[in-house]
Amino acid sequence: MLSEQGHKVDCIDINTEKIELLKSGKIPLYEPGLADYLENNIKSQRIRFFDSYSQINPNTEVVFVTVDTPSDSLGNANLKNVYNAVSEVSERVNQDCLIVIKSTVPPGTAENIHNYLSNKGYNFDLGVNPEFLKQGSAVSDFLYPDRIIIGVKTKLARAKLEVIYRSFIDKNIPLIVTDTVTAEMIKYASNAFLATKVAFINEMAGLCELLGADIDLLANSMGMDHRIGKEFLKAGPGFGGSCFPKDLSALIRLAEDHNVKLQILNSVKESNYNHITNIAKKVEYVLNGVQNKKIAIWGLTFKSGTDDVRNSPAIDIAQLLVNNKAKITAYDPMGMDNARQVLKDIEYADNAIGAARDAEALLLLTEWKEFKNQDFASLKSIMAAPNVFDFRNLLDSELLLRYGYHVYSLGKKSIYKV
Ligand SMILES: NC(=O)c1ccc[n+]([C@@H]2O[C@H](COP(=O)([O-])OP(=O)(O)OC[C@H]3O[C@@H](n4cnc5c(N)ncnc54)[C@H](O)[C@@H]3O)[C@@H](O)[C@H]2O)c1
């Protein structure tokens, strides 16, 4: 997308397979709309791909470091890849190159990297430019960001990043210029806050079920208050993905290192964990145990619009049911290949209907639109029992009830038929 803005972009990844795919114009992940931009920019020779740092152009003006920053066993952000990438770059580009950390890194990392490079005799300028895209809508999130955050140490770094983001500045998209530690903190605090919203609404869903209130009406009405906002206020099977869980843990750990207990965020983490396990327990309760029962799962990715199953609640829930000897058959429009790598003890179906055949219960766990448009009238005849657990509140529950299903939604006691 930076090449689409007219910049000449060289991309380096140590994963040769990915680079080979990208060179041939293929995206190694599912992200709607991205392939067209890639094709255009390869044709216009604005973007190139390399699998070795030896091919880096020494005159590169700005390097964005976008490598993964996974959790270590204690929940800290593991910065090994960031340091490896920065080291490789520092040895090959001219000293006037600006190194920008785009990976999500704990506050203080850019400063630490600056010192690390200084100790090695380098004097690179460091910047921080956190990324706020959402998987599934990455292209439009890039093109129409709410704001762009740059953390810089020098006026020159600011000027270079203003050149990169010129087309956005000209469209009056807010550019917030801060020091590096604040930029790093903005990203962590934003993700932690969004995770908090999700955990909050899921807790409200639990209460709505008991009280007979409707979580969707509640969330929509709350969200209409601009102070609250409707985004990330949708009840579901819990937050997951490659960012929220790891960023939450890293922030909690970082605070602990400074003898601060982030009470809210500790609770959010616990609440999300409990929510996911409670969903599996609810299925067990309604089905009177799951041992040897055939259960269909629709949706394995952590959200729709992506093939990413990292920390997906759907995978966790499937695994909890497998642990209790359920026989799972799953289907996901995009996430099957990735799911097969992490979830071994289940069957995979070629389509949604195939997954539900002979099942005693159907669990909808990811909000793919295609699940909404299935032929539920005939689906019922091929299921062993008509139990539908809609953990995304995606389906038309009134219609399903008319067809004779038992419908279990989130936060909606009134539509239960038990
Ligand atoms: N995925 C998102 O939606 C998203 C959104 C905002 C921010 N982020 C942040 O962006 C960063 C990357 O996330 P991701 O989901 O793209 O990770 P990813 O694991 O999908 O991709 C990281 C890539 O970095 C490559 N890599 C690792 N070490 C390398 C090295 N030394 N040199 C070159 N390449 C190397 C890997 O081969 C891999 O292709 C993380 O810090 C994440 O928190 C991600």
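This is a predicted model: local features need pLDDT of at least 70, side-chain atom pairs count only at pLDDT 80 or more; totals for chains, interfaces and linings use all residues.
Colleague: What is the strand order in the open sheet of 6 strands?

Modeller: The order is S10-S9-S8-S11-S12-S13, and the pairing is parallel.

Colleague: Which strands stand at the edges?

Modeller: Strand S10 (347–348) and strand S13 (406–409) do, and because each has a single partner strand, one side of each is left without a neighbour in the sheet.

Colleague: How many bridges join S8 to S11?

Modeller: Strand S8, residues 294–298, and strand S11, residues 361–364, run parallel and are joined by 4 bridges; within that pairing, Trp-298 has Leu-364 of S11 as its bridge partner.

Colleague: And which strands does helix H12 lie across?

Modeller: Helix H12, residues 313–323, lies across S8, S11 and strand S9 (327–331), and the helix runs at about 160 degrees to S9.

Colleague: Switching topic, is Ala-110 buried or exposed?

Modeller: Ala-110, which sits in helix H4 (residues 109–119), has a relative accessibility of 1%, and since the cut-off for buried is under 20%, Ala-110 counts as buried.

Colleague: What does Ala-110 touch, leaving out residues up to four places away in sequence?

Modeller: With those left out, Ala-110 touches Leu-126, Val-128, Thr-180 and Glu-184.

Colleague: What about Leu-211, buried or exposed?

Modeller: Leu-211 belongs to helix H8, residues 180–211, and with a relative accessible area of 64% Leu-211 is exposed, as the cut-off for exposed is over 50%.

Colleague: Which residues form the nonpolar patch on the surface?

Modeller: Leu-207, Leu-210 and Leu-211 form that patch, and together they have about 350 Å² of accessible area.

Definitions and conventions: Residues are numbered from 1 along each chain as its sequence is written. Side-chain values use heavy atoms; hydrogens and water are left out. Two strands pair if DSSP finds at least two bridges between them. Helices (H or I, at least four residues) and strands (E, at least two) are DSSP runs, numbered from the N terminus. Contact means heavy atoms within 4.5 Å. Axes are lines fitted to C-alpha atoms, for helices over the stretch in contact, and angles run from 0 to 180 degrees between N-to-C directions. Buried means under 20% relative accessible area, exposed over 50%, partly exposed in between (1.4 Å probe, protein chains only). Patches are made of residues with over 30% relative accessible area and no salt bridge: like charges are joined within 9 Å, nonpolar side chains (Val, Leu, Ile, Met, Phe, Trp, Tyr) within 5 Å. Accessible areas come from the Shrake-Rupley method with a 1.4 Å probe; for residues, only the protein chains shown count as cover. A salt bridge is a side-chain nitrogen of Lys or Arg within 4 Å of a carboxyl oxygen of Asp or Glu.
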